[in-house]
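Please look through the structure shown here together with the briefing that follows. The briefing starts with confidence and then turns to helices and single residues.

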Amino acid sequence: MSQPPPAPMITTDPARKDPTSKGLKAGSIGIGPTVALGLAAVAPAYSLAVTLGFVVLAVGESTPAAFLLGFVPILFTALAFRDLNREMPDCGGVFVWITRVFGPAAGWFLGGWVPQMATFIAGAAVAQVATTYLLNFFGLAFIAAEPLAVAAIACGLIVLSAWIAARGIELSAWVQYALIGLQLVALGGFCVAAFTAMATGNSAGMAEGGAENPSLEWFNPFASGELSGLVSGVILCLFIYWGWDALIAVNEETTDRKGTPGKAVVITTVILLFSYVVTATAAVGFAGTASITNPETVSDVLSVLGPQATGDVFGRVIILAVGLSALAALMTVAVSTPRTWLSMGTYGALPRATTKMHPKRGTPTTSIAWWAAITMAITLGLTAISADFIGLAILSVGLMIAAYYAATALASVVYFAPLMRASASALMFKGILPGLGALLMIGAFAYSAVDMLSPEYAGLSWLGIGSVFWIGIGALALGLLLTAILKSRMRRFFSGETIPRGNVTTRNQLPSILSNETEA
């Protein structure tokens, strides 16, 4: 087998003095746009619309408590992202960090393959969701009922997202500002209307005798008395927080690549917590659990309750916000995924073509084009298999999220271990809390995997095992196989030459390696 070509030289602007630059436009965005990108990736309006009902189904009026509990492992994991970014601010994010701590094989699989598979499946899903919601908003429900038409329009939205991403990080950030602003206005309007209706005794649930004003018991995680239901609800909440880590991919383009992304991670997760808890409280108090878990409401809560609480006009704004929420998530993936590939290509973990940059706009144009092509192929492929297959694939994503979040949190513990003997602060914030986050993520992975084994899970099975389990574990097994195959093809990376293993005591090694690559 022929020797693979050497790792690509990092393309840089000759006028730029930073030798570690990959050609991205440093200092282009501040903390505001970075937070907007993180929020957009989560798609809060869409996430709430399609998940809130199932959380209520699991825990009833304890739904706000489930959102609070689900936030705990997310916060602990966010601390790991913040501190690792401060030490190794690379657009590759988890790929670089996990490789640095656990070695190339773990980095390629847990930091590369696993998050990329999760985002590709999610990207295909949100493209279709955005298409369906927007068609319904414009009164074209008859087109939304045709799977092939929806898939074709979804591919058009993928191309649009790629075009915006290729035009530059500034344009992407401003588009996300507008889209996330609409979502927050829509959620805020719903909450104000719902709480006002509760205060005046005019809420939908109260009129039917099925709701009551919020109480402190709603925030008590053990008030429901059903541990299994609480665990299911927390796991659902855990995964609707997912996506905020996409902002790490733009860390090399922020005004302070070491500090801004870490601050943005914490701010983003706190905003999500506040939005989710307040909206959940408003929805349960306004409509009551029986109304929310009604078969006609449970899978799309905001589209049903929005017009009831705010009236038809603002209710349509809420429906539009849900559709644009999914589109915003798609556009964020178009920004984050190609930058991860840029980093992987820089270190020799992907082909050299992934490092090709637009000389003026500072965007990884080749990687963006490949992202669009692969996402469209997955969208069309899953649609051809079954109209229900995308939904099943999305359910399997939870396993992948828990896997790479746990690996990142553990990487923080191992990387910063030398500091923990001398600093109580480091022991707590770089060790104990991320360690607890990792354990909770591993627990979520195990619980979800066992749950998915049941042939009744999602109503479909194969050989007596739930189809979602086969999809999720199958994707992970395929990644392990591919990692083993690539070991002999990308020898410089997998030998540890481009990203040597180390901890905080060898923190200056990576910049010097990148500098040498640039000067080569």
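In this predicted model, confidence is highest in helix α4 (residues 94-102), where the mean pLDDT is 96, and lowest in α21, where the mean is 45. Across the protein the pLDDT averages 84, and 89% of the residues score at least 70.

- Where pLDDT is low, the predicted coordinates should not be read in detail.

**Helix α11 and the residue after it**

- Helix α11 covers residues 260-287, which makes 28 residues, and it reaches 40 Å from its first C-alpha to its last, close to the 40 Å expected at 1.5 Å a residue.
- Of the 28 residues of α11, 21 are buried, so this helix is largely enclosed by the rest of the structure.
- Just after α11 comes G288, which takes a positive phi of about 85°.

**How α2 packs with α8**

- Helix α2 (residues 44-59) packs with helix α8 (residues 169-200) at an angle of about 45°, and their axes are 9 Å apart.
- On the α2 side the contact is made by P44, A45 and L48, while α8 contributes I180, Q183 and L187.
- Sorted by class, this contact of α2 with α8 has 5 nonpolar residues, 1 polar residue and no charged residues.

- Most residues other than glycine have a negative phi.
- A43, which is found in the loop between α1 (31-42) and α2, has a positive phi near 55° although this residue is not a glycine.
- With a relative accessibility of 2%, A43 counts as buried, because the cut-off for that term is under 20%.
- L463, in the loop between β1 (461-462) and β2 (465-466), is likewise not a glycine and has a positive phi of about 55°.
- L463 is exposed, because its relative accessible area of 66% is over 50%.

**P500 and R100**

- P500 is found in the loop between α20 (491-494) and α21 (509-519), and this residue is buried, with a relative accessible area of 13%.
- Although P500 and R100 are 400 residues apart in sequence, they are 6.2 Å apart in space, C-alpha to C-alpha.

Key
Residues numbered from 1 in each chain as written. Predicted model: local features only at pLDDT ≥ 70, side-chain atom pairs only at ≥ 80, totals over all residues. Heavy atoms only, no water. Helix = DSSP H or I, 4+ residues; strand = E, 2+ residues; numbered from the N terminus. Buried < 20%, exposed > 50% of the residue type's maximum accessible area, 1.4 Å probe, protein only. pLDDT = per-residue confidence, 0-100. Expected span 1.5 Å × (residues − 1). Axes fitted to C-alpha atoms, helices over the stretch in contact; angles between N-to-C directions. Contact = heavy atoms within 4.5 Å. Nonpolar A, V, L, I, M, F, W, Y, C, P; charged D, E, K, R; others polar.
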